[in-house]
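Me: I would like to learn how to read the features of a protein model, one at a time. Could you take me through them slowly?

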Amino acid sequence: TISVTDHDTIAALPAARAAAGQALEILSGVELTAASHGRELHILGYGFREEDPALCEYMKDARDRRHGRIQAMIDRLKERGIEVTLQEVELIAGEGNSVGRPHLAEAMMKKGAVRTLNEAFDRYLGDQEFDHVGIHALKLSVASPDAPGHNYLETLLAIAEENNAES
């Protein structure tokens with residue numbers, strides 16, 4: 001049994017299951033992001049109901065927030081003379097995937113604005129350059145009560161939510 005996780009999306013699950021066939025069980029998985037004391041937390045969730053409407057809505061909202069955040073970064077980069085478009089970043093991320101700073105950094109490299117991903121982060125995309133947009137912890141039971149990891153996931157989400165309220 002393995003799981004494929006990505007930020008705020010489960011889009012890779014059907015392809016992973018198709019590739020695995022009967023040889024391997026693919027467990028549902030997702031990476032949720034929360035903020036605590038000015039730092040990002042990456043919470044991995046496994047064994048949840050993929051069709052949960054609230055979870056699907058949360059992931060869509062999180063992806064929308066990521067798009068907004070990346071667009072704000074693109075706007076600030078433009079003020080500094082670096083031209084990158086959201087469409088270029090989305091193309092790098094791939095259809096149905098969340099966009100993030102690594103995708104923006106790669107777009108900057110392709111445009112010749114930086115030579116390496118490290119340079120993009122050191123000069124333009126690092127924590128000191130952009131305030132992280134806190135992504136609120138999920139406020140629902142994303143795992144069915146009898147799914148593996150249910151209590152663990154709920155505990156992590158509760159801790160992240162509590163820390164978000166404190167920061």
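Predicted model: local features only at pLDDT ≥ 70, side-chain atom pairs only at ≥ 80, totals over all residues.

Me: How do the axes of helix α4 and helix α5 cross?

Reply: Two packed helices are described by the angle between their axes and the distance between the axes. Helices (H or I, at least four residues) and strands (E, at least two) are DSSP runs numbered from the N terminus, and axes are lines fitted to C-alpha atoms, for helices over the stretch in contact, with angles from 0 to 180 degrees between N-to-C directions. Here the axes of α4 (residues 101-110) and α5 (residues 117-125) come within 9 Å and cross at roughly 105°, and the two helices are therefore roughly perpendicular to each other (under 35 degrees is roughly parallel, over 145 roughly antiparallel, 65 to 115 roughly perpendicular, the rest oblique).

Me: Which residues in α4 and α5 meet?

Reply: Contact means heavy atoms within 4.5 Å. On the α4 side R101, P102, L104, A105, E106, M108 and M109 take part, and they meet L117, A120, F121, Y124 and L125 in α5.

Me: What does I92 contact, beyond its neighbours within four places in sequence?

Reply: I92, which lies in helix α3 (residues 86-93), is in contact with H103, E106, A107 and K110. The C-alpha atoms of I92 and H103 are separated by 6.0 Å, although the two residues are 11 apart along the chain.

Me: How many salt bridges does the structure hold?

Reply: A salt bridge is a side-chain nitrogen of Lys or Arg within 4 Å of a carboxyl oxygen of Asp or Glu, and the structure holds 7. One of them joins D8 to R66, with the closest N and O atoms 2.6 Å apart. This pair links distant parts of the chain, 58 residues apart, with D8 in the loop between β1 (2-3) and α1 (13-20) and R66 in helix α2.

Terms used. Residues numbered from 1 in each chain as written. Heavy atoms only, no water.
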